[in-house]
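Student: I'd like to learn how to read a protein model. Can you walk me through one, feature by feature?

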Amino acid sequence: DFAIGFSNTSGEYSISKEPEAFTIGKIRQHTNPIYSEYLVFSKFNNPNDTIFNSEAKATIMNILDWESANNEPITHANMIPYPTDTSVFTGTGIDMHVFGAGSGNVIMLNVSFNHQTIAGYSKIKIDSAWYKNPVKYVYTDDSLEDAKILFQNGVTLLADTSTLEYYPLVNSIDAFINAKTSRVDFPIDKNPNDSFGLTMQIICVSHSPEDIVIGNAFTKYNNIIYEIDSAPDVRVYVSTDPFSVFDKRIRAGDVLDSGAVRTIGALYGGTFTVTLSEAYTGYNWAVTYGEEIMLAGNNETYSMYIDLLKERE
């Protein structure tokens with residue numbers, strides 16, 4: 001049965017088994033702002049306005065025409081809290097592992113800390129013993145107004161010494177070597193009782209849904225959230241019948257066009273083009289991962305612009 005006044009009930013009803021002494025009702029609270037951008041597929045060009053760089057966009061589009069050089073998913077984030085304790089964060093940041101998932105028309109990247117103030121523990125050696133040394137992601141008064149976060153592929157570690165192991169403190173200057181985004185100042189204003197997380201979501205949008213169809217497999221298998229060990233099984237199927245958002249997989253009667261060519265153009269203000277075999281000129285097409293549809297074109301739509309935007313047009 002559900003408990004009345006759930007947040008004030010006894011510990012045995014709590015959803016958290018690791019309560020902190022100062023949290024109300026023993027239920028873990030969590031501040032998790034969501035940052036959204038739009039990946040727009042359209043017949044006309046939109047000036048890109050995004051925190052993602054060209055390498056990130058190449059990785060996002062890589063599932064459609066795979067190249068090993070672009071196989072660089074976002075795996076880490078480098079965080080510098082604000083207000084900043086300069087005695088700790090001078091050329092350093094905190095490493096955050098990224099959890100990625102894709103479904104429907106959304107790609108999500110999430111980072112989080114389970115504790116209200118502590119990101120993790122470095123190690124310090126005193127005499128001959130090693131001790132845990134808490135690394136805080138908040139200011140000295142436990143406040144967190146903003147977080148400067150850069151998403152990246154990989155992480156640049158600091159050189160440990162004989163008496164100090166730095167991690168989760170990492171190099172914040174060399175973080176740009178593996179950067180997939182600019183370093184963004186996210187407004188947080190975290191409650192001192194809350195733990196902290198941030199979700200980045202890329203929402204895939206078709207400006208012409210009858211002509212350009214985005215399938216579930218595009219986000220489900222996207223290279224920005226998964227490393228792909230070898231060239232994926234990407235195919236092009238054709239049909240005289242139009243494809244729709246309700247078509248998750250190829251249908252009976254769809255025909256494999258083994259001679260079709262897929263081309264990704266210049267990535268910013270760029271295009272994706274499908275050139276069908278001569279025998280299938282005028283047909284509708286679908287690019288698939290195995291037999292799951294990633295992207296489809298109807299009504300002789302063979303080329304489209306792909307742009308990242310902070311706001312949907």
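This is a predicted model: local features need pLDDT of at least 70, side-chain atom pairs count only at pLDDT 80 or more; totals for chains, interfaces and linings use all residues.

Student: Is A129 buried, exposed or partly exposed, and why?

Tutor: A129 has a relative accessible area of 27%. Distance along the chain and distance in space are two separate things to read. A129 and T163 are 34 residues apart in sequence, and their C-alpha atoms are 9.5 Å apart in space.

Student: What does the whole protein look like in terms of burial and secondary structure?

Tutor: The protein has 313 residues, and 47% of them count as buried. Its secondary structure comes to two helices and 21 strands. Its accessible surface is about 15400 Å², with 50% of that belonging to carbon and sulfur atoms. Look at the contacts too: among those between residues at least 6 apart in sequence, 71% join residues at least 24 apart.

Student: Where is the confidence, or pLDDT, under 50?

Tutor: First, the overall picture: the mean pLDDT is 88, and 90% of the residues reach 70 or more. Residues 1–17 stay under 50, and the model has 20 contacts beyond four places in sequence for them. Residues 19–26 are also below 50, with 16 contacts in the model beyond near neighbours in sequence.

Student: Back to β8. Which strands share its sheet, and in what order?

Tutor: β8 belongs to an open sheet of three strands in the order β8-β7-β10, with antiparallel pairing. β8 and β10 (164–165) are at the edges with a single partner strand each, so one side of each has no neighbour in the sheet. β7 and β10 pair in the antiparallel sense over two bridges. As an example of a bridge, I124 has L164 in β10 as its partner.

Student: Which residues form a nonpolar patch on the surface?

Tutor: The patch is made of I124, I126 and Y131, and together they have about 270 Å² of accessible area. I126 lies in β7, which spans residues 118–126. With 44% relative accessibility, I126 counts as partly exposed.

Student: How do I read the two faces of a strand?

Tutor: In a regular strand the side chains alternate between the two faces of the sheet. β12 runs antiparallel to β9 (residues 146–152), and four bridges join the two. Opposite V184 in β12 stands I149.

Student: And how do I read the backbone angles?

Tutor: Most residues other than glycine have a negative phi, and most peptide bonds are trans. So look for the exceptions. D127 has a positive phi, near 60 degrees, although it is a residue other than glycine. D127 is in the loop between β7 and β8, and at 77% relative accessibility it counts as exposed. E300 also has a positive phi near 60 degrees. The place of E300 is the loop between β20 (292–297) and β21 (303–309), and its relative accessibility of 57% makes it exposed.

Student: Which residues does a cis peptide bond join?

Tutor: One joins Y82 and P83, with omega about 0 degrees. P83 is in the loop between β3 (76–82) and β4 (92–97). Another joins Y167 and P168, where omega is about 20 degrees. P168 lies in the loop between β10 and β11 (169–171).

How values were computed:
Residues are numbered from 1 along each chain as its sequence is written. Side-chain values use heavy atoms; hydrogens and water are left out. pLDDT is the predictor's confidence in each residue, from 0 to 100. Contact means heavy atoms within 4.5 Å. Buried means under 20% relative accessible area, exposed over 50%, partly exposed in between (1.4 Å probe, protein chains only). Accessible areas come from the Shrake-Rupley method with a 1.4 Å probe; for residues, only the protein chains shown count as cover. Patches are made of residues with over 30% relative accessible area and no salt bridge: like charges are joined within 9 Å, nonpolar side chains (Val, Leu, Ile, Met, Phe, Trp, Tyr) within 5 Å. A salt bridge is a side-chain nitrogen of Lys or Arg within 4 Å of a carboxyl oxygen of Asp or Glu. Two strands pair if DSSP finds at least two bridges between them.
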